[in-house]
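Open the model in your viewer and keep the sequence panel beside it. The stops below are given in the order in which to select them.

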Amino acid sequence: MARTMRSDVLFMSTTAVVDGHCLHRSQETIQVKRALMETTGKRVLQLDHSKFDRRAVHELAPLNEFDVVVVDLGTPKPVRDELRAAGVALEVAEG
């Protein structure tokens, strides 16, 4: 059903980020999120710093598949620098 939906912008989050990849605990959630990613015009991933300290089992997508990845100020600068160096379109929310 999610593949029949269309949107201009998709805002989403994930459970964890490991080695530049989004991970989630639920395979069913992954299937829905992937379908939504396929049918949207722009993909925006929103993360806070805690996502970089977690693990999960199922891979959703590499970070560079998102048009924008927004992180909070609590995300360590070395992590932000590494993501930018890997080609991730990163923005820091300052508020």
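Is D19 buried or exposed? D19 is exposed, with a relative accessible area of 72%; exposed means over 50%, buried under 20%, and partly exposed in between, with a 1.4 Å probe and protein chains only. Before going on, note that this is a predicted model, in which local features need pLDDT of at least 70 and side-chain atom pairs count only at pLDDT 80 or more, while totals for chains, interfaces and linings use all residues. Residues are numbered from 1 along each chain as its sequence is written, and side-chain values use heavy atoms, with hydrogens and water left out.

**The loop and its sheet**

Stay on D19, which lies in the loop between β2 and β3. Helices (H or I, at least four residues) and strands (E, at least two) are DSSP runs, numbered from the N terminus. The phi angle of D19 is near 50°, a positive value in a residue other than glycine.

Now select β2 and strand β3 (residues 21-24), which pair in the antiparallel sense over three bridges. Two strands count as paired if DSSP finds at least two bridges between them. Within this pair, V17 stands opposite C22 in β3.

How far apart are the end C-alpha atoms of α1? They are 17 Å apart, which agrees with the 16 Å that twelve residues should span at 1.5 Å a residue, the expected span being 1.5 Å times one less than the number of residues. Show the side chains of I30, K33, A35 and M37, the buried residues of α1. What covers them includes β1, β3, β4 (40-46) and β5, where contact means heavy atoms within 4.5 Å.

T39 counts as buried, at 13% relative accessibility. A polar atom of its side chain lies 3.4 Å from the backbone oxygen of A35.

**Two more stops**

Select S7, in strand β1 (residues 7-12). S7 counts as partly exposed, at 31% relative accessibility. Leaving out residues up to four places away in sequence, S7 touches T39, T40 and G41. S7 and T40 are 33 residues apart in sequence, and their C-alpha atoms are 4.8 Å apart in space.

Then select T75, in the loop between β6 (68-72) and α2 (77-85). T75 is buried, with a relative accessible area of 1%. Its contacts, not counting residues up to four places away in sequence, are D48, H49, F52 and R80.

**Last stop: L63**

Finish at L63, whose contacts include V17, C22, L45 and V69, not counting residues up to four places away in sequence.

Conventions:
A polar contact is a pair of N or O atoms within 3.5 Å; within protein, one must be able to donate a hydrogen and the other to accept it, and residues adjacent in sequence count only if both atoms are side-chain atoms.
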